[in-house]
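Please open the structure in your viewer and keep the selection tool ready.

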Amino acid sequence: MIDGLDEITLATLLLVVVAGFAAGWVDAVVGGGGLIQLPALLMVPGISPVQALATNKLGSIFGTTTSAVTYFRRAKPDLKTALPMAVVALLGSLGGAFLALSLPESVFKPIIVVALILVALFTAFRPTVGTLTQLRFRGQRHYWTAAVIGGVIGFYDGLIGPGTGSFLVIAMVTLLGYNFLASSAKAKIVNMCTNAGALMLFIPSGAVLWSLGLILGVANMLGGYLGARMAITRGSRFIRIIFLIVVTVLILTLSRDVWSENFQSGG
């Protein structure tokens, strides 16, 4: 029995572990691991959507912390940009989570799909984007832009969540001018804080399934470590390819949700 889920089978538990490992790897490289991990959790018998979301965040914070430390040790990201951005993102995540209690996701998903399509097209047809670091701004303007990115995407993560890491990466590539590797390194530090912000609400509510979340966290941590090492070894070109794959899957997943929520339910 795991946290009162007496119907969970060994096969389901193994599925969650494999999904956690894969999600940690994808998250470490380019973000978007929640697309793998959250659906696996929702397959656990007896788990509620809120419990799945909360447990997903617990598992994810192990992976994002591990990959953030790995990137820090090997890629040496600019903490003067990443840390203030992460603090603002944490506050944004708290605000988004509060708002999520009263607003349906269906209001935002169509907008997100359009934004992701534009991001994918921009990245696909601009092959040189993200290959080199060419900062757009200097001085205080750079840090203020980073803080705004952190706040907006942190708010999104608390409100809805899917693809947060991918949004962070592309925002730092296009708006700040970092390459994909530097962007992924900073994104892990920021994403770690947005997960922490959400957990600040989920833990007091009692929604976290601790035993399942810790098992998931170990798998996520291993995937995050291996993913971060591979991204650092392979570089920005490899990350760009994985980014396009993940964003395409995210577009298809959210488009399916928009269709079922706005069209099939009405029929």
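Begin by selecting R234 and F238. In this predicted model, R234 lies over the face of F238, at 5.3 Å from the ring centre.

**The ring of F238 and its partner**

The arrangement of W25 and F238 is edge-to-face, with 6.2 Å from centre to centre and 85 degrees between the planes. Colour the helices to see what the pair connects: W25 belongs to helix α1 (residues 10–29), while F238 belongs to helix α10 (residues 236–264). The two residues are 213 residues apart, and the pair thus links distant parts of the chain. Are W25 and F238 buried or exposed? Both W25 and F238 are buried.

**The other aromatic pair**

Select Y156 and F167 next. Their ring centres are 5.4 Å apart and their planes stand at 80 degrees; because planes over 60 degrees apart count as edge-to-face, this pair is edge-to-face. Y156 is in helix α6 (residues 139–159) and F167 is in helix α7 (residues 164–176), so the pair ties together parts that are eleven residues apart in sequence. Y156 is buried, and F167 is buried as well.

**A salt bridge**

Side chains of opposite charge can pair when their charged atoms come close. Here the side chains of D157 and K57 meet in a salt bridge, with 3.1 Å from N to O. The structure holds one salt bridge. Which helices does this pair link? D157 is in helix α6 and K57 is in helix α3 (residues 49–75), 100 residues apart. Both D157 and K57 are buried.

Move to K76, which is found in the loop between α3 and α4 (79–100). With a relative accessibility of 59%, K76 counts as exposed, because the threshold for that term is over 50%. Select F72 as well: K76 lies over the face of F72, at 5.8 Å from the ring centre. The backbone of K76 also deserves attention. Most residues other than glycine have a negative phi. The phi of K76, however, is near 50 degrees, a positive value in a residue other than glycine.

**The nonpolar cores**

Now select V29 and I239. Within the largest nonpolar core, which has 52 residues, V29 and I239 touch the most other members. Helix α10 gives the most to this core, with ten residues. Which residues does V29 contact, leaving aside its neighbours within four places in sequence? They are Y71, S184, G227, A231, F238, I239 and I242. For a second, separate core of ten residues, select V44, L209, L212 and L216, which are among its members.

**The whole chain**

Finally, clear the selection and display the entire chain. The chain contains ten helices and zero strands. Of its 267 residues, 53% count as buried. Among contacts with a separation of 6 or more, 83% join residues 24 or more positions apart. The chain exposes about 12,200 Å², and carbon and sulfur atoms supply 70% of that area.

Conventions:
Residues are numbered from 1 along each chain as its sequence is written. Side-chain values use heavy atoms; hydrogens and water are left out. Rings of Phe, Tyr and Trp (its six-membered ring) pair if their centres lie within 6.5 Å; planes under 30 degrees apart count as stacked, over 60 as edge-to-face and the rest as tilted. Helices (H or I, at least four residues) and strands (E, at least two) are DSSP runs, numbered from the N terminus. Buried means under 20% relative accessible area, exposed over 50%, partly exposed in between (1.4 Å probe, protein chains only). A charge sits over a ring if NZ of Lys or CZ of Arg is within 6 Å of the ring centre and within 35 degrees of the ring normal. A nonpolar core is a set of buried Ala, Val, Leu, Ile, Met, Phe, Trp, Tyr and Cys residues joined through side-chain atoms within 4.5 Å. Contact means heavy atoms within 4.5 Å. Accessible areas come from the Shrake-Rupley method with a 1.4 Å probe; for residues, only the protein chains shown count as cover. A salt bridge is a side-chain nitrogen of Lys or Arg within 4 Å of a carboxyl oxygen of Asp or Glu.
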